[in-house]
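This report concerns the interface between two chains and the make-up of one of them. The sequence and structure are shown below.

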Amino acid sequence: MMSTTDIRTIAIAAVAIGVCALLPLVDQGYWLSIGVSIAMFTVLATSWALFSGPTHYISLATAAFFGIGTYVTGSFYESVSFWLLLPAAAIVGGLLAGIVGLATLRLSGVYFVIFTLGLAELVRQVITWAQNMTGHRGTYVLLDFGSRSVEEVIYWTLLGLAAIVYLAGWLIGRSRLGFALRIIGDDEEVARHSGINTARAKVLLFMVPGAVAAATGAALAPRYVYIEPALAFTPLLSFQVVIMALLGGAGRLWGPLVGVIPFTLLWEVISATFPNQTTLLLGAAFLVIVYVLPRGFVGLLERARARAGGGA
Amino acid sequence: MDILITGLLLGGTYALIAMGLNLQYGIARIMNLANGEILVAGGFAAFWMYTAGQTSPYLTIFVLAPVAFAVNWLIYVVMLRPLVKRAKSRGQLEVDAILSTFGLSFVGVGLMLAAFGGDYFNYSYLATPVTIFGDNFGLNRIASFIAAAILCAALYLWLNRSRAGMSIRAIAVSPESARLVGIDVARLSAFAFALGGAVTAVGGALLSAYLTLDASTGVIFTLKALIIVIMGGVGDVRGTIVAALLLGVIETLVASLIDPGLTLAAAYALFILILLFRPRGLFGRGAA
């Protein structure tokens, strides 16, 4: 059943995405490339928070799924349509996430963090090794979208993905699975006693960010033109996604977006002016999240609103 | 034979590093993901002492250990104790510790990059060959292995024979009950964390005698140490040593027989098998 507020929320979201879609008509250069970055991180961070928000499991696997997605496009774009490669990458990413989840999600959160931390490096080493065996080095991705620029097409694709992620998040939040996950996040023991198959729920949900990150990687492959393992599996990506999602607040569907926009802009400025200090920025961001903003900007806003409400 | 000995020599130093992490995670309950950066910093110190003052890395460790102890003690008291205090559950502390030590790790890499640049660094010390069973091994590898073995043995004896060691093992088993029998958990946690950091830094100095390091390799060592700790069982010294030697041998095996680029992949394959079949560690009982 949809209430009037639901319909209003969906209408507002649709209008907001529609307005964002107009960006390439205004600027084709710097701002469009910033727009692509923001859209990309919005998709990645929001789908990350769908899993990690309720379960409190910190996944650092984004780069692994993303890299696999870029390789799906890089390997098959000559024979298969670009638009079919996106769902194909999503399926591959989802399946891999399922396997990783089955191996690690039965255990405590620490094992999961450690495993995902090295996953991108693991896949990178295997792909590099396979390429050395077959004599390949990198792969060129040269796609042509007719009258539209590659950047424009990627931007609209990412907006489409963002719409799908928000819709999925909204539907999961209303479903039995979403309800089960909220209980697991509060107390896994209680969840298990009330008959919830906690491992299955976690594995199922972990497949969502896996599939989304792979599709995002597949969509961004044409932007890189030349794909090689070190570029496709950059571990930095996983950390950026975690920071943005937590900075915004992983407890709300729109939370990560609040973190993505300021952090992407800050990242652009810092990497343009002090290219060697980006690791320091990442470190500082983690410390700020733990010590200053444990619930993100969303928590800050909600506290401010509660105080204003209490005073009135 | 050649592979087995090289692997065991590497594994000996791994054991020391993993022991450092095990003290921090098993007793202080902090999953320290900045562990690898402490290791690289220890390596840097040895490198700097050797190039600037021709000091042997095996002497540097006597200065390095107290300094690293003090630095890690400060890190624990200033940054991590507030997290321990505010945490309502073990799970929350885990998440907070992971995020804040990630922060520390990145800050560490950033500072080391700023101070030393992004170059690889190594130095040549005791690079004379020694023949064991007909194969040649660098004397530096053997010296580092012996130093690591002595330290591991000392730690093992201390943990098992002394009163302080027993209190520390009691905390590893159950922090709540340890408090009830009059053990100062807060003070000993800080001590264990600092000791773990000192052990890790010394391990880094020993590794630097024969391995090439750079400012951003820390995370690889963190991962290996974590895999060893999980494989050996949290808080289990004997398991840690066996797991470290095993990892050293398997890594050397894969590097020399298949491809040197696959060492982490090999460590991971081992990790997956452990997670699937022995999630409590090699010698652990029951389910996780």
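## Polar contacts and salt bridges

In this predicted model, 7 residue pairs are in polar contact across the interface of chain A and chain B, both residues of each pair being at pLDDT 80 or more. Salt bridges across the interface of chain A and chain B number 0 by the rule applied.

## The side of chain A that touches chain B

Four elements of chain A each give two or more residues to the side that touches chain B: α5 (82–104), α6 (109–134), α12 (236–248) and α14 (278–291). The most comes from α6(A), with 14 residues. By residue class, this side of chain A comprises 25 nonpolar, 7 polar and 2 charged residues.

## Extent of the interface

The contact between the chains involves 34 residues of chain A and 39 residues of chain B. Between chain A and chain B an area of about 3300 Å² is buried, and carbon and sulfur atoms give 79% of this area. Y111(A), I114(A) and Y291(A) account for 18% of what chain A buries against chain B, more than any other three residues.

## Architecture of chain B

Chain B contains 11 helices and 2 strands. Read from the N terminus, its elements follow the order α-α-α-α-β-β-α-α-α-α-α-α-α.

Of the 288 residues in chain B, 55% count as buried. Where contacts in chain B link residues at least 6 apart in sequence, 76% of them join residues at least 24 apart.

Technical notes: Residues are numbered from 1 along each chain as its sequence is written. Chains are lettered from A and ligands numbered from 1 in the order in which they are written. This is a predicted model: local features need pLDDT of at least 70, side-chain atom pairs count only at pLDDT 80 or more; totals for chains, interfaces and linings use all residues. Side-chain values use heavy atoms; hydrogens and water are left out. Contact means heavy atoms within 4.5 Å. Buried area is the accessible area (1.4 Å probe) that two parts lose on being put together, summed over both. A salt bridge is a side-chain nitrogen of Lys or Arg within 4 Å of a carboxyl oxygen of Asp or Glu. A polar contact is a pair of N or O atoms within 3.5 Å; within protein, one must be able to donate a hydrogen and the other to accept it, and residues adjacent in sequence count only if both atoms are side-chain atoms. Ala, Val, Leu, Ile, Met, Phe, Trp, Tyr, Cys and Pro count as nonpolar, Asp, Glu, Lys and Arg as charged, and the others, Gly among them, as polar. Buried means under 20% relative accessible area, exposed over 50%, partly exposed in between (1.4 Å probe, protein chains only).
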